[in-house]
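Here is a short note for someone opening this model for the first time. Please read the points in order, with the structure in view.

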Amino acid sequence: MLTAVVAVAAVTVFLTPIQMELVESHRLTGAVMEWQWVRLFSPFINSYAFIFLLGGAA
């Protein structure tokens with residue numbers, strides 16, 4: 001299931017339109033993405049990675 005979520009997240013991030021007027025040359029920010037809902041994939045994927053890392057360390 002996680003593989004499917006990561007695949008869908010990667011495709012949607014790749015296809016997200018960029019607002020070029022908001023791009024700053026000195027830093028990266030998610031504010032330039034038109035589809036802000038794409039950022040909701042990150043907590044799910046990162047929490048799974050945290051649990052996996054914590055379990056491996058234990």
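1. A definition comes first. A residue is buried when its relative accessible area is under 20%, exposed when it is over 50%, and partly exposed in between. Leu 2 has 25% relative accessibility, so Leu 2 counts as partly exposed. Please keep in mind throughout that this is a predicted model.

2. Start with the overall fold. The chain holds two helices and zero strands. Helix 1 covers residues 2-15. Helix 2 covers 41-57, and a loop lies between the two helices.

3. Next, the overall dimensions. Along the principal axes, the C-alpha atoms fill a box of roughly 45 × 25 × 15 Å. The radius of gyration is 14 Å, whereas a compact globule of 58 residues would have one near 10 Å.

4. How much of the chain is buried? Buried residues make up 14% of the 58 residues. The accessible surface comes to about 4800 Å². Carbon and sulfur atoms account for 72% of that surface.

5. Contacts across the sequence deserve a look. Take the contacts between residues at least 6 apart in sequence. Of these, 38% join residues at least 24 apart. Leu 2 sits in helix 1. Beyond residues up to four places away in sequence, Leu 2 touches Phe 44 and Tyr 48.

6. Now turn to Thr 12. Is Thr 12 buried or exposed? Its relative accessibility is 13%, so Thr 12 counts as buried. Thr 12 belongs to helix 1. The side chain of Thr 12 reaches back to the backbone oxygen of Ala 9, at 2.9 Å. Not counting residues up to four places away in sequence, Thr 12 touches Trp 35, Trp 37, Val 38 and Phe 41.

7. A polar atom of the Thr 16 side chain lies 2.5 Å from the backbone oxygen of Thr 12. Thr 16 itself lies in the loop between helix 1 and helix 2. Why does Thr 16 count as buried? Its relative accessibility is 7%, and the cut-off for buried is under 20%. Neighbours within four places aside, Thr 16 is in contact with Met 33, Glu 34, Trp 35 and Val 38. Trp 35 and Val 38 are also among the residues touched by Thr 12.

8. Met 33 is one of the contacts of Thr 16. Met 33 is found in the loop between the two helices. At 14% relative accessibility, Met 33 counts as buried. Which residues does Met 33 contact, leaving aside neighbours within four places in sequence? They are Thr 16, Pro 17, Ile 18, Val 38 and Arg 39. The C-alpha atoms of Met 33 and Leu 22 are separated by 9.0 Å, and these residues are 11 apart along the chain.

9. Thr 29 is another loop residue, again between helix 1 and helix 2. Its relative accessible area is 35%, so Thr 29 is partly exposed. The Thr 29 side chain reaches the backbone nitrogen of Ala 31 at 3.3 Å. Thr 29 and Thr 3 are 26 residues apart along the chain, and their C-alpha atoms are separated by 25 Å.

10. How many salt bridges are there? The count comes to one. The side chains of Arg 27 and Glu 24 form a salt bridge, at 2.6 Å from N to O. Both partners are partly exposed: Arg 27 has a relative accessible area of 48%, and Glu 24 has 30%.

11. Finish on the surface. A nonpolar patch of about 700 Å² is made by Val 11, Phe 14, Leu 15, Trp 35, Trp 37 and Leu 40. Phe 14 lies in helix 1. The relative accessible area of Phe 14 is 71%, so Phe 14 is exposed.

Key
Residues numbered from 1 in each chain as written. Predicted model: local features only at pLDDT ≥ 70, side-chain atom pairs only at ≥ 80, totals over all residues. Heavy atoms only, no water. Helix = DSSP H or I, 4+ residues; strand = E, 2+ residues; numbered from the N terminus. Buried < 20%, exposed > 50% of the residue type's maximum accessible area, 1.4 Å probe, protein only. Polar contact = N/O pair within 3.5 Å; in protein donor to acceptor, adjacent residues only side chain to side chain. Contact = heavy atoms within 4.5 Å. Patch = residues over 30% accessible without salt bridge, like charges linked within 9 Å, V, L, I, M, F, W, Y side chains within 5 Å. Areas by Shrake-Rupley, 256 points an atom, 1.4 Å probe, with all protein chains shown as cover. Salt bridge = Lys/Arg side-chain N within 4 Å of Asp/Glu carboxyl O. Rg over C-alpha atoms; globule rule 2.2 N^0.38 Å.
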